[in-house]
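Let's take a walk through this fold together. Have the sequence and the 3D view at hand, and follow along as we go.

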Amino acid sequence: MTNDTHHKLASREELRHRVAQWRGQGQSIVLANGGFDVLHVGHVRYLQAAKALGDKLIVAVNGDASVRQLKGEGRPVVPENERAELLAALECVDAVLIFPELDVRAVIRELCPDVHAKGTDYTVESVPERDEVLVYGGRVAIVGDPKNHSSTEFLRRQQNNRERKK
């Protein structure tokens, strides 16, 4: 792992300090979140579009236990530290945080991003954390390409292919 990639991985406390520093420099903060279990082109397009909404992009990654609760037994396929490292290696990502909760509300309350970016499987009205963002005057944005890519669907296809070969 390069120093640059390692530097992007942060705790909540470290991120609070970075966000304060970035804001002091007049920079805007965008938050994107998800499981990112099997990184695919849809994730990359989502994150690149999110980055275009501000100066700094923070990616909050669901921890292993929360991915398991959300996606089911056998998930995640890729451990949280590796998922975070892969995301940190992307040029468009400025910081990565692993969070244990099922949703990102607590992270939003702590960091108060200017923009909370969600993928196209949501509408502005259906974003679960929308109310948390609106409380402090932030905004919610829907970004990325149409939801034609999915880690769950990718893994399902792989399983079907293995079963056909038997």
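**Salt bridges, sheet and helices**

Start with the charged pairs: the count comes to 11 salt bridges, where a salt bridge is a side-chain nitrogen of Lys or Arg within 4 Å of a carboxyl oxygen of Asp or Glu. Keep in mind that this is a predicted model, in which local features need pLDDT of at least 70 and side-chain atom pairs count only at pLDDT 80 or more, while totals for chains, interfaces and linings use all residues. Residues are numbered from 1 along each chain as its sequence is written, and side-chain values use heavy atoms, with hydrogens and water left out.

Take Arg-12 and Glu-110, whose side chains meet in a salt bridge at 3.2 Å, N to O. The pair links distant parts of the chain, 98 residues apart: Arg-12 sits in helix α2 (residues 12-24) and Glu-110 in helix α6 (residues 105-111). Helices here (H or I, at least four residues) and strands (E, at least two) are DSSP runs, numbered from the N terminus. Are these two partners buried or exposed? Arg-12 counts as buried at 19% relative accessibility, and Glu-110 is partly exposed at 33%; buried means under 20% relative accessible area, exposed over 50%, and partly exposed in between (1.4 Å probe, protein chains only). Both belong to a network of salt bridges that links Arg-12, Arg-16, Glu-101 and Glu-110.

Next, look at Asp-37 and Arg-75, which form a salt bridge with their closest N and O atoms 2.6 Å apart. This pair, too, links distant parts of the chain: Asp-37 is in the loop between β1 (29-34) and α3 (41-51), and Arg-75 is in the loop between α4 and α5, 38 residues apart. Asp-37 is buried, with a relative accessible area of 4%, and Arg-75 is buried with 9%.

One more pair to find is Lys-118 with Glu-129, where the closest N and O atoms are 3.6 Å apart. Lys-118 lies in strand β4 (residues 115-118), while Glu-129 lies 11 residues away in the loop between β4 and α7 (130-135). Both Lys-118 and Glu-129 are buried.

Now for the sheet. In what order do the five strands line up? They form an open sheet in the order β3-β2-β1-β4-β5, with parallel pairing. The edge strands are β3 and β5 (139-142), each pairing on one side only. On average, neighbouring strands of this sheet are turned by 25° against each other, direction ignored. Strands of a sheet pair through backbone hydrogen bonds, either parallel or antiparallel. Between β2 and β3 there are five bridges, in the parallel sense; two strands pair if DSSP finds at least two bridges between them. Asn-62 stands opposite Phe-99 in β3.

Helix α2 lies across β1, β2 and β3, running at about 145° to β3. For such angles, axes are lines fitted to C-alpha atoms, for helices over the stretch in contact, and angles run from 0 to 180 degrees between N-to-C directions.

Finally, turn to helix α4 (residues 64-71), where Asp-64, Ser-66 and Val-67 are buried. They cover an arc of only 160° around the axis, so they fall on the same side of α4; the arc is that of the directions from the helix axis to the C-beta atoms. The buried residues of α4 pack against β2 (56-62), α5 (80-88) and β3 (95-99), with contact meaning heavy atoms within 4.5 Å. Just after α4, Gly-72 takes a positive phi of about 110°.
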